Amino acid sequence: MIGYGAIGQSLIQAWQAAPVRGHAVVGVLARSHQLPAARGELPHDVQVTADPETFLAHAFDVVVEVAGQPAVRELGSRVLRGGADLMIMSVGALADAAVADELLAAAQAGNARLVIPVGAIAGLDGLLALRRAGLTQLVYASSKPPASWRGTPADGAFELDALTEATVVFDGSAREAALKFPKNANLAATVALAGMGLDRTRVVLTADPHSTENVQSIEAVSDVSTLRVTVSGRSEGANPKSSAVTGLSVLSALDNQAQLLVFS
């Protein structure tokens with residue numbers, strides 16, 4: 001696993017409560033200040049390091065990224081060329097076409113896969129089916145409490161602490177959202193890549209002072225059917241920009257791959 005922030009810690013806690021069949025955690029790449037916590041919470045046989053070279057020396061089957069878009073750009077292609085599947089949470093990194101091309105080329109060279117878990121949304125299976133039929137419209141919307149938008153372009157453009165009603169802080173393409181809001185709009189990129197693409201998918205981001213949850217929704221229209229999905233849930237305690245279910249989606253994806261009865 002690359003990263004040991006809020007999502008990484010919640011992922012490991014969930015793993016320890018219910019390990020994934022056929023898998024074992026063997027290495028964690030953390031930032032220097034995260035090392036004491038990681039070493040204190042992980043078994044002694046798990047290598048915990050802040051050195052990328054030491055980490056990449058392992059012969060992994062799967063590497064899970066929960067460290068942010070810079071980690072995808074800096075380490076993603078090396079993981080894939082080394083033959084390990086790479087499961088990324090920071091999907092917004094693929095909004096940079098050069099990064100996306102590099103990762104796909106590395107996956108092909110290493111006979112590996114670039115895997116995108118569902119994250120804090122649902123309905124990607126239906127969206128993929130509608131894509132086969134021909135999507136005519138796709139909108140992804142995300143509404144979060146104002147605190148979730150601190151440190152983003154919305155902070156300063158809007159007086160977040162003074163908001164009295166739900167306020168749209170961004171309305172544009174998924175590519176622009178992923179690049180401008182790298183910690184808030186990774187799901188926007190996931191939905192776009194499963195649907196109409198980063199440039200044709202509309203994204204609406206909202207700060208809602210009356211909400212205590214993160215609410216994500218998809219509205220997709222095709223000639224044969226319409227898909228509407230809404231998921232709401234609490235944010236990750238230490239990171240209000242992410243939903244608490246995000247880390248669980250990684251374990252779910254690994255679990256699904258390890259089963260004899262597979263959902264697809």
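**Exercises on a sheet and its salt bridges**

Met87 stands opposite Val115 in β5. The model is predicted, so local features need pLDDT of at least 70 and side-chain atom pairs count only at pLDDT 80 or more, whereas totals for chains, interfaces and linings use all residues. Residues are numbered from 1 along each chain as its sequence is written, and side-chain values use heavy atoms, with hydrogens and water left out.

**Exercise 1.** Determine the strand order of the open sheet of 3 strands, and state which strands stand at its edges.

*Solution.* Strands are DSSP runs of E with at least two residues, and helices are runs of H or I with at least four, each numbered from the N terminus; two strands pair if DSSP finds at least two bridges between them. The order is β3-β4-β5, with parallel pairing. β3 (62-65) and β5 (114-115) each have a single partner strand, so one side of each is left without a neighbour in the sheet. Strand β4 (residues 85-88) is joined to β5 by 2 bridges.

**Exercise 2.** Locate the salt bridge between Asp199 and Arg175, and classify the exposure of both residues.

*Solution.* A salt bridge requires a side-chain nitrogen of Lys or Arg within 4 Å of a carboxyl oxygen of Asp or Glu. In this pair the closest N and O atoms are 2.7 Å apart. It links distant parts of the chain, with Asp199 in the loop between α9 (186-194) and β8 (202-207) and Arg175 in helix α8 (residues 174-180), 24 residues apart. Buried means under 20% relative accessible area, exposed over 50%, and partly exposed in between (1.4 Å probe, protein chains only). Asp199, at 51%, is therefore exposed, while Arg175, at 23%, is partly exposed.
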